[in-house]
Amino acid sequence: MVSSPKPDIVARFFELLGAGDLDAALALTTEDVVLDRSNSHAPWRGVAAGHQAVRETYAEFREPVDDVTWTMSDSRMVGSELVAIATEIAVRGTTSGISALAHGGWLVRFSGDLIAEGELHQSFEDATLAGRRRLLDAARLYFVCEALPGGRDPGPLLEAAIAGGVDVIQLREKAPRCAEELIAFAEPFARAARERGALFFLNDEPGLVDACGADGVHVGQDDESVAAARAAAGAAALVGLSTHSPAQFDAALAAPGGAAPDQISAGPVWETPTKAGRPAAGLELIEHAARAGGGAPWFAIGGIDCANVGEVVAAGARRIVVVRAIRDAADPEAAARELRAALAAEPEG
């Protein structure tokens, strides 16, 4: 039996809810499904955990209304187990006869082919961003790669890296490229991330995030600000930021609202030809970042490979960014596995 695509399952779930066929809707969910409506601006808010609680809260919702139509107008897979959707619900008050229309977004998490969690958001963009932030928070291994590594199609390399444990990939082109070139170069990156449940960042071009099918953009200290990048990339996009000193790292953590990055890179730990002329920040920056804690997930970067990753882990890093360690490896998948294993190991001492 071939499973239905996850967005189709979600669409069917909301269609059944609108039609009042709760038994059929719950058949599409796990027994311990959680529906979190804490963000609702309507009276129907709260958290329902398990089929019985969902039945009770749904009865409360339906009691004062009829003629309910609950439809999904858009959807986007976020990773392999999350679906962000845009919903529209139309209701008419049983007593008042007044009709109302509301729009929102849900982030839906699957367990296998069943819905395990639904989290209500105010918009499709909010739901998408929440899902992307979940994936980023869980990410450990980040691979940066140019458009044509070694002059070759990046697809096989990206697939091997993700198979080995890479959670995030980034397209970073040093040479000046026009928008059309970058969009074409981004296609295998977007495809690999989409098909294998990874996140895809574009370097330095926030205005092209949507056109490139990326989940976010990464900017440096000398690029436009995080707030400006977020405005250009769109409300659903992640924004990462490079930091090279304790002061820059602390400023990134302390930034308010939309000026705060979703992800921070700290380094370079060691000098690296991929950032020629950038002096090494050393393990001291990693130790500082580990002490600072909290805030956005941060990744150590710069000259990290299978031989020295243990030093970075011992300094407090739990996430790393690499380029050559995977790109130039004889077996990129094996290299990614080794790096991922090192990150999972308990630091000595």
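Is Asp223 buried, exposed or partly exposed? At 33% relative accessibility, Asp223 counts as partly exposed; buried means under 20% relative accessible area, exposed over 50%, and partly exposed in between, using a 1.4 Å probe and protein chains only.

Before we go on, a word on the model. This is a predicted model, in which local features need pLDDT of at least 70 and side-chain atom pairs count only at pLDDT 80 or more, while totals for chains, interfaces and linings use all residues. Residues are numbered from 1 along each chain as its sequence is written, and side-chain values use heavy atoms, leaving out hydrogens and water.

**Around Asp223**

You can find Asp223 in the loop between strand E10 (216–219) and helix H7 (226–233). Helices (H or I, at least four residues) and strands (E, at least two) are DSSP runs, numbered from the N terminus. A polar atom of the Asp223 side chain lies 2.6 Å from the backbone nitrogen of Gly220.

**The barrel**

Strand E10 also belongs to a barrel, which eight strands close in the order E7-E8-E9-E10-E11-E12-E13-E14, with parallel pairing. From one strand to the next, the twist averages 25 degrees; angles run from 0 to 180 degrees between N-to-C directions, and axes are lines fitted to C-alpha atoms, for helices over the stretch in contact. Two strands pair if DSSP finds at least two bridges between them. Strand E8 (residues 168–171) and strand E9 (residues 199–203) pair in the parallel sense over four bridges, and Phe201 in E9 is the bridge partner of Gln170. Helix H12 (residues 332–344) packs on the sheet and touches strand E7 (141–145) and strand E14 (320–322), where contact means heavy atoms within 4.5 Å. The direction of H12 makes about 145 degrees with that of E7.

**Salt bridges**

A salt bridge is a side-chain nitrogen of Lys or Arg within 4 Å of a carboxyl oxygen of Asp or Glu. By this rule the count comes to 18 salt bridges, including these:

| Salt bridge | N to O distance |
|---|---|
| Asp23 and Arg55 | 2.8 Å |
| Arg340 and Asp167 | 2.8 Å |
| Glu181 and Arg177 | 3.5 Å |

Asp23 sits in helix H2 (residues 22–26) and Arg55 in helix H3 (residues 51–62), 32 residues apart, so their pair links distant parts of the chain. Arg340 lies in helix H12 and Asp167 in the loop between helix H5 (155–164) and E8, so this pair ties together parts that are 173 residues apart in sequence. At 27% relative accessibility, Arg340 counts as partly exposed.

How values were computed
Polar contact = N/O pair within 3.5 Å; in protein donor to acceptor, adjacent residues only side chain to side chain.
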